[in-house]
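I opened my notebook to look at strands, rings and pockets in one structure. Here is what I looked up, entry by entry.

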Amino acid sequence: MGSLMTLVLLAVAAAQATELPPPFPRAGTTLLLENDVVAVWNVSWLKQQYPLHTHRYDLVGISYAEGDRIITQGNTPGRLVNTKAWVFQTNRANVTHVEEGASDPPMRAVLIEVKPPSPRAAAAEPADGLRQVAGPPAWENNRAAAWLVMPGPPAPTHRHIGDAVELIFDGSTAPKATFVAAGTVHAPPTPPDGGRLYIFEIK
C-alpha cells in the first residue's frame, strides 16, 4: 500500500501543470449511451490499478454485482471498499483519485455521468409526475432521484419533469439503458422475471 501511496503522490505532483484524464473510457467499461445530458457506462473494476483521474461530472448509478475496490485519494492510505449488489453509487465532479479492482469476479455497476454542471430550476410536480403516481423515490440526491420497478404489474404511466435514464437488468445479459427526454409521458417497460428496472430522473 505504501508504494501505491508514493505513486499517487508523485502522480498528483506531476499533474500540477497538466490536465488529468477522465475516469472513462478504460479497461472493463462499455459506453451504453451518450448525449449532451448524460453518458452512461457499464463498469467492471478489473484487478488492475487504473490511472490517476479526475471526474469531470457529477455521477450517479447503481451497482449490480458485488465486489471490492481499493480507492486512494490525496495523501490518505488506500481503502478497501466492498460494495454489495443494488447499492446506489455517487461521486462529485472534480474528485481526483486512483481506483484498483480487488476481487474476482469484479464489482460491476452502471454509472451515469450528469453533464449539466448544476441542477435544473425547481419545477412543480405535475399530477402525473413520477412522485405522484409511483410514490417517493428509492434514492435521491441533489442531481437525481431514482425509482425501482420490480417484475409484476406494469408501472404506471407518468410524465418526466426532467430528462431520465431507464436501466433494465434481466439477470442474463448486459444492462440496457434508454434515455427519456423531459416532458415525455409514457409507461416504462416491465422488467422480466428475476430482473429489475431503475428509473433515474435527472435534476
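**Entry 1: strand β16.** I looked at which way the side chains go: Arg196, Tyr198, Phe200 and Ile202 point one way from β16, while Leu197, Ile199 and Glu201 point the other way, and all are buried. I noted that buried means under 20% relative accessible area, exposed means over 50%, and partly exposed lies in between (1.4 Å probe, protein chains only). Strands here are DSSP runs of E with at least two residues, numbered from the N terminus.

**Entry 2: a note on the model.** This is a predicted model, where local features need pLDDT of at least 70 and side-chain atom pairs count only at pLDDT 80 or more, while totals for chains, interfaces and linings use all residues. Residues are numbered from 1 along each chain as its sequence is written, and side-chain values use heavy atoms, with hydrogens and water left out.

**Entry 3: partners of β16.** I checked the pairing next (two strands pair if DSSP finds at least two bridges between them). Strand β11 (residues 144-149) runs antiparallel to β16, joined by 6 bridges. Trp147 has Ile199 as its bridge partner in β16. β13 is also antiparallel to β16, again with 6 bridges, and here Glu166 stands opposite Ile199.

**Entry 4: strand β4.** Which strands does β4 pair with? I found 7 bridges to strand β9 (residues 108-114), antiparallel, and 4 bridges to β7, also in the antiparallel sense. Val60 has Ile112 as its partner in β9 and Thr90 as its partner in β7. β4 spans residues 58-65 and is mostly covered, with 7 of its 8 residues buried.

**Entry 5: aromatic rings.** I used this rule: rings of Phe, Tyr and Trp (its six-membered ring) pair if their centres lie within 6.5 Å, and planes under 30 degrees apart count as stacked, over 60 as edge-to-face and the rest as tilted. The count comes to 9 aromatic pairs. Tyr64 and Phe169 have ring centres 5.3 Å apart and planes at 45 degrees, so I wrote them down as tilted. Tyr64 is in β4 and Phe169 is in strand β13 (residues 164-169), so this pair ties together parts 105 residues apart in sequence. Phe88 and Trp139 are stacked, at 5.3 Å centre to centre with 15 degrees between the planes. Trp139 is buried, with a relative accessible area of 16%. One aromatic cluster takes in Tyr64, Trp86, Phe88, Trp139, Phe169, Tyr198 and Phe200.

**Entry 6: a charge over a ring.** Arg196 lies over the face of Trp86, 4.1 Å from the ring centre. The rule asks for NZ of Lys or CZ of Arg within 6 Å of the ring centre and within 35 degrees of the ring normal.

**Entry 7: the largest pocket.** A pocket, on a 1 Å grid over the protein atoms alone, is an open set of points where a 1.4 Å probe fits, with protein on both sides within 12 Å along at least five of seven lines; lining residues have an atom within 4 Å of a point. I read off a volume of about 200 Å³ for the largest pocket, a volume being the space filled by probe spheres set on the points. It has 14 lining residues, and Arg69, Thr90, Asn91, His97 and Glu99 are the closest to its centre. β7 gives the most to this lining, with 3 residues.
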